[in-house]
Amino acid sequence: MGNLSKLSNIGKVIEQQLYEVGITTYEQLEKSGSKQAWLKIKSIDPSACIHRLYALEGAIQGIKKSQLPAETKAELKEFYNSFKG
């Protein structure tokens, strides 16, 4: 372990969860995309929140989640909300 935690927004907890769902490299994360990676994490951690989704997208783009463009956040929020309730 240790590779994914070098990415923006990816700490030890998210890194461990990505490993648990079979995503062990940046290339796998990029190919999967933030939405699919988040869905896989949600399947093992029902508490996975929208901030985790933002973090995954930021990691793919190489930026802090706070720097995601507003339209990207809006799209991710719409996706996230489709799984609530």
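The following legends describe an overall view and several close-up views of a predicted model of a protein chain.

**View 1. Overall fold of the protein chain, with 4 helices and 0 strands.** Along the sequence, the elements of the protein chain follow the order α-α-α-α. The radius of gyration of the protein chain is 12 Å, close to the 12 Å given by the globule rule for 85 residues, so the chain is as compact as a globular protein of that length. Along the principal axes, the C-alpha atoms occupy a box of roughly 30 × 25 × 20 Å. Of the contacts with a separation of 6 or more, 42% are made by residues 24 or more positions apart.

**View 2. Surface and charge of the protein chain.** Buried residues account for 39% of the 85 residues. The chain carries 12 positive and 9 negative side chains. The centres of these two sets of side chains lie 5 Å apart.

**View 3. Helix H3, residues 50–61.** Helix H3 comprises 12 residues. From its first C-alpha to its last, H3 reaches 17 Å, close to the 16 Å expected at 1.5 Å a residue. Just after H3, Gly62 adopts a positive phi of about 80 degrees.

**View 4. Burial of helix H3 and the elements that cover it.** Because 10 of the 12 residues of H3 are buried, the helix is largely enclosed by the rest of the structure. The buried residues of H3 are Ile50, Arg52, Leu53, Tyr54, Ala55, Leu56, Glu57, Gly58, Ala59 and Ile60.

**View 5. Lys31 in helix H2.** Lys31 belongs to helix H2, which spans residues 26–44. The relative accessibility of Lys31 is 78%, and exposed residues are those over 50%, so Lys31 counts as exposed.

**View 6. Lys31 and Ile60.** Lys31 and Ile60 are 29 residues apart along the chain. Their C-alpha atoms are separated by 9.4 Å.

Methods. Residues numbered from 1 in each chain as written. Predicted model: local features only at pLDDT ≥ 70, side-chain atom pairs only at ≥ 80, totals over all residues. Heavy atoms only, no water. Helix = DSSP H or I, 4+ residues; strand = E, 2+ residues; numbered from the N terminus. Rg over C-alpha atoms; globule rule 2.2 N^0.38 Å. Buried < 20%, exposed > 50% of the residue type's maximum accessible area, 1.4 Å probe, protein only. Contact = heavy atoms within 4.5 Å. Lys, Arg positive; Asp, Glu negative; His and termini not counted. Charge placed at Lys NZ, Arg CZ, Asp CG, Glu CD. Expected span 1.5 Å × (residues − 1).
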